[in-house]
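Dear colleague,

I am handing over the structure that we spoke about, and my notes on what was found in it follow below. Please read them with the model open beside you.

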There are 2 protein chains.
Amino acid sequence: MTQTADRATLPEGGKARRVYLLLRDEIANGLHAENATLPGEQRMAETFGVSRVTVRRALDALSQDGLIERRAGSGTTVRLPPAQAQPIAADFTTLMPQLVEMGQSTTARLLSFSYGAAPDHVRRAMGLGQSARVQIATRVRSAEDRPFSHLTTYVPADIASNYSEGDLATTPLYHLLERSGVTIDEAEQSVSATLASPDVAEALGVSVGSALMSLRRVVRDVNGRGVEYLAALYRPDMFRLDMTLSRVGEGSARHWRPRIGADVPEDGG
Amino acid sequence: MTQTADRATLPEGGKARRVYLLLRDEIANGLHAENATLPGEQRMAETFGVSRVTVRRALDALSQDGLIERRAGSGTTVRLPPAQAQPIAADFTTLMPQLVEMGQSTTARLLSFSYGAAPDHVRRAMGLGQSARVQIATRVRSAEDRPFSHLTTYVPADIASNYSEGDLATTPLYHLLERSGVTIDEAEQSVSATLASPDVAEALGVSVGSALMSLRRVVRDVNGRGVEYLAALYRPDMFRLDMTLSRVGEGSARHWRPRIGADVPEDGG
DNA sequence: CTAATCTGTATTTTTTGTAATACAGTTATT
DNA sequence: AATAACTGTATTACAAAAAATACAGATTAG
């Protein structure tokens with residue numbers, strides 16, 4: 001999960017590609033230390049449940065990516081690429097991506113924009129009525145022209161009508177909402193993981209079937225009304241949710257408390 | 001992502017299975033509302049880049065799982081299974097899974113246990129010396145006999161020697177550490193996503209190549225010394241990280257602050 | 001030196017996926 | 001009621017991918 005794009009030339013949905021993705025993931029996650037020798041091709045073929053030829057094709061691709069080095073007789077060793085791009089870190093406690101630290105800036109591209117009925121699960125989560133109309137916007141956010149997140153937001157139509165399509169590209173959504181007279185009170189969010197479907201995969205420049213981090217967030221106003229529903233997908237190699245906790249209290253009351261991050265500009269991505 | 005195990009009888013690494021996993025994921029994530037009709041088989045074949053026969057095989061499996069209902073002429077509709085098990089929710093701010101609420105209890109099974117040299121990235125993260133020896137334990141945690149997390153912990157050998165292998169099964173690790181004279185000060189954690197490798201997939205009862213949530217945590221004592229490194233993998237259909245934030249402050253200083261969860265017993269899983 | 005283990009290469013066989021075609025059920029339109 | 005345009009169903013012949021097998025060259029451990 002290190003390369004900007006999947007430059008391997010393996011058949012899109014084939015087994016070799018699947019093995020390639022798994023191995024690349026393992027290497028990126030530090031499961032195989034640098035300069036460590038991987039298990040032999042025969043061994044790998046058994047663990048992955050494929051033939052040696054298939055493993056071999058995957059290794060060919062990894063080798064081409066510069067992630068491994070193979071020497072006949074001695075084996076295959078892991079070689080981390082010289083310039084591994086650091087993933088963008090977002091502070092889970094403040095919803096703020098730490099972009100300034102790395103001198104990075106992000107741009108958003110609008111994929112689709114429409115008004116319509118809210119999907120069932122969105123309605124339920126936001127506490128909207130059966131026939132509630134919402135603005136649905138899908139954007140892809142990139143850092144240095146490398147896309148890292150796929151965002152779909154649902155905003156009740158009456159609120160969304162207070163800002164323009166152009167505002168979305170320039171101003172953080174929370175500012176737009178608060179400018180629209182909404183008093184934001186709280187947000188519930190939950191993180192999980194999912195597979196990249198064809199459309200998302202294309203938008204994010206990853207292989208279909210690769211792992212993505214998913215985040216759902218419901219933002220409510222002081223009346224408990226849902227004012228925004230966010231369904232976000234992130235490339236795990238380019239984005240991370242971080243959090244620091246402190247151990248406080250004494251004796252049996254000792255427990256964890258989140259440490260609030262430093263102040264950095266807000267951002268919706 | 002609803003079934004306990006992948007009961008589909010599709011060739012393990014085949015394309016049909018890949019499509020099956022993707023569609024199941026989409027349905028589980030609410031991307032297709034209940035009773036919504038899916039795109040036609042021909043259409044799906046195009047979006048997934050496979051033949052219609054392959055899509056058909058995937059749909060056969062979904063149908064067998066009871067996730068969809070097909071009617072010639074009208075199309076294929078989504079049917080959520082009657083008893084969808086609620087995922088376990090863990091509070092990210094307190095590191096406490098909310099198990100009590102749902103009357104659930106977890107059990108841990110030890111997969112491997114050893115002492116040895118720490119892998120490179122673990123050493124770096126914990127700030128240990130080149131030749132530091134650590135205790136490495138891999139456990140699978142289950143709720144009601146359904147495995148949901150795969151945990152690997154690294155603890156410096158001198159600390160780990162203060163408790164027994166049996167203690168690990170019964171007592172939360174933080175209590176063991178603090179009983180060993182360690183004063184825990186802070187923890188850094190980060191969340192991401194990854195693919196299920198064959199060994200993890202087997203332990204968690206999922207398909208190889210399905211999406212997993214991954215969590216890395218480094219726990220430090222008051223001297224900044226790493227006392228625990230946790231690499232955890234979670235089934236996204238059975239586990240979720242939740243967090244509630246409050247919007248506080250006035251004007252331009254308005255920002256988010258995490259809301260601390262209710263008090264529930266601690267747990268390492 | 002020898003044996004074991006590794007990657008590299010080539011060939012054949014088997015499995016899997018694809019494409020094409022015809023058919024049948026449903027729905028909306030004419 | 002007929003029809004057109006969708007849907008899923010089924011079977012076929014064909015192409016592509018993967019598996020199985022065998023063996024050659026490189027390297028390391030004993």
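By class, the surface near DNA strand D has five nonpolar, nine polar and eight charged residues, where near means that a heavy atom of the residue lies within 4 Å of the strand, and where Ala, Val, Leu, Ile, Met, Phe, Trp, Tyr, Cys and Pro count as nonpolar, Asp, Glu, Lys and Arg as charged, and the others, Gly among them, as polar. Please keep in mind that this is a predicted model, in which local features need pLDDT of at least 70 and side-chain atom pairs count only at pLDDT 80 or more, while totals for chains, interfaces and linings use all residues. Residues are numbered from 1 along each chain as its sequence is written, chains are lettered from A and ligands numbered from 1 in the order in which they are written, and side-chain values use heavy atoms, with hydrogens and water left out.

Sugar or phosphate accounts for 74% of the atoms of DNA strand D within 4 Å of the protein, and bases for the rest. Helix α3(A) gives the most to the surface near DNA strand D, with three residues; helices here are DSSP runs (H or I, at least four residues), numbered from the N terminus.

Thr54(A) is found in helix α3 of chain A, and it counts as buried because its relative accessibility is 11%, the cut-off for buried being under 20% relative accessible area (1.4 Å probe, protein chains only). Leaving aside residues up to four places away in sequence, Thr54(A) touches Lys15(A) and Ala16(A), a contact being heavy atoms within 4.5 Å.

The largest share of the surface near DNA strand C, three residues, comes from α3(B).

With best wishes

Key. Helix = DSSP H or I, 4+ residues; strand = E, 2+ residues; numbered from the N terminus. Buried < 20%, exposed > 50% of the residue type's maximum accessible area, 1.4 Å probe, protein only.
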